[in-house]
Amino acid sequence: MLSQIYTPTPYRPAPVLPQLNRAPENGRFPHTLEEQIGNTPLLRLDRTAVIAGLHTSVALYAKAEWFNPGGSVKDRPALNIIRTAERQGLLRPGMTILDATSGNTGIAYAMLGAARGYRVKLVLPDNVTPERKAILRAYGAELIFTDPLEGADGAIREAHRIKASDPNVYHADQYNNPANWMAHYLTTANEIWRQTNGAITHFIAGMGTSGTFMGNARRLRELNPAIRFISVQPDSPMNGLEGLKHMPTAIVPGIYDETLADENIWVRTEDAYAMARQLAQTEGLFVGVSAAAAVATAVRYAQNLRHAVIVTVMPDNGFKYLSESFWNEQK
Ligand SMILES: Cc1ncc(COP(=O)(O)O)c(C=O)c1O
């Protein structure tokens with residue numbers, strides 16, 4: 001019986017534990033929700049199945065962005081957008097944060113809005129995964145759904161319509177807001193530089209709003225102009241790569257500057273799905289499809305390289321995509 005083997009110990013206060021992956025800043029450990037954003041681990045991908053064909057002088061690293069408290073890379077821009085708008089007096093107590101988002105930025109706004117006392121109104125295509133809708137509702141966000149056939153662009157148009165009719169909303173507009181890419185310029189890029197001891201030679205990332213790519217490319221190029229920047233896009237407008245945009249057929253984000261990329265590589269949905277399985281089953285990394293698309297592209301790109309340190313970004317993990325059929329089709 002449990003009572004015979006379980007001897008309760010007298011109450012002692014829990015010790016204050018250092019947090020994993022979080023270095024002390026200014027001599028103290030960060031304790032607030034917002035302080036947990038950023039400083040994500042840079043993981044080396046080294047399992048043979050994943051890096052098959054790569055020369056031994058090539059190293060592949062990936063930023064594990066699901067370590068952010070909202071579970072994705074988008075905590076960074078959402079926080080910077082909110083702080084910048086507050087500083088500029090555009091977002092004031094009592095106002096509602098509004099944006100069009102396919103999910104992760106919405107989750108970040110909903111989390112930060114809840115913690116800061118703002119209402120959050122999000123416009124999103126009705127076909128986003130049930131997990132995402134449930135998470136957004138859990139944080140108390142108001143959801144407005146648009147026609148799935150219109151994709152992310154339909155949600156963007158609806159957000160503009162709502163903004164025009166309601167003066168009490170702050171339209172965060174992640175697609176046109178420089179505070180989006182600045183978040184990466186100020187944080188992600190400098191972390192990558194530190195975590196590779198300045199040895200990075202190639203940066204490869206997918207693009208949705210393009211904030212991740214723009215901010216990292218601008219800052220890392222300042223730190224070392226020899227670094228090559230490779231953007232990743234789905235190879236067709238109809239694809240299964242949630243979070244990524246096919247720029248030739250999409251409303252092009254205002255913050256996007258195509259001249260920042262040295263090259264663009266088109267990725268097939270099937271290749272991303274195959275890499276998602278491989279990462280889960282051989283690296284123990286259960287990542288989202290856009291992360292898998294970025295890694296699949298990085299591995300393909302790296303085949304002919306020598307003496308390279310490649311860094312890519314894994315925007316989120318796989319939990320929000322569990323209802324998608326490809327995970328359930330496996331033997
Ligand atoms: C899962 C996922 N991957 C990739 C991206 C693209 O990041 P960015 O908007 O910085 O280009 C997003 C953005 O929403 C995302 O949610």
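Which residues come nearest to the ligand? Of the 20 residues around the ligand, those are G208, T209, T212, G243 and S290; a residue counts as near if its C-beta atom, placed from the backbone, lies within 6 Å. Keep in mind that this is a predicted model, where local features need pLDDT of at least 70, side-chain atom pairs count only at pLDDT 80 or more, and totals for chains, interfaces and linings use all residues. Residues are numbered from 1 along each chain as its sequence is written.

**The chain overall**
- You'll find ten helices and ten strands in the chain, both being DSSP runs numbered from the N terminus (helices are H or I, at least four residues; strands are E, at least two).
- Buried residues make up 47% of the 331 residues, where buried means that 20 or more other C-beta atoms, placed from the backbone, lie within 10 Å of the residue's own.

**Around the ligand**
- The shell around the ligand has four nonpolar, 13 polar and three charged residues. Here Ala, Val, Leu, Ile, Met, Phe, Trp, Tyr, Cys and Pro count as nonpolar, Asp, Glu, Lys and Arg as charged, and the others, Gly among them, as polar.
- Helices α3 (104-116) and α7 (211-223) each supply at least two residues of this shell, and α7 gives the most, with three.
- Domain 1 (34-68 + 184-328) and domain 2 (75-171) both contribute to the shell, so it lies between them; the domain bounds come from an automatic or database domain assignment.

**The nonpolar core**
- The largest nonpolar core has 93 residues, and L60, A272, A292, A293, A294 and V295 have the most contacts inside it. Such a core is a set of buried Ala, Val, Leu, Ile, Met, Phe, Trp, Tyr and Cys residues joined through C-beta atoms within 7 Å.
- Helix α9 (residues 289-302) brings the largest share of this core, eleven residues.
- Both domain 1 and domain 2 give residues to this core, so it lies between them too.
- Of the 14 residues of α9, 13 are buried, so the helix is largely enclosed by the rest of the structure.
- Setting aside neighbours within four places in sequence, L60 is in contact (C-beta atoms, placed from the backbone, within 7 Å) with L45, I51, L54, A298, V299, A302 and I310.

**A look at P234**
- P234 lies in strand β8 (residues 228-234) and is buried, with 25 other C-beta atoms within 10 Å.
- Leaving out neighbours within four places in sequence, P234 is in contact with N239, L241, L244, H246, V267 and T269.
- P234 and L244 are ten residues apart along the chain, with 6.8 Å between their C-alpha atoms.

Key: A residue is buried if 20 or more other C-beta atoms lie within 10 Å of its own, exposed if 12 or fewer, and partly exposed in between; C-beta atoms are placed from the backbone. Two residues are in contact if their C-beta atoms, placed from the backbone, lie within 7 Å.
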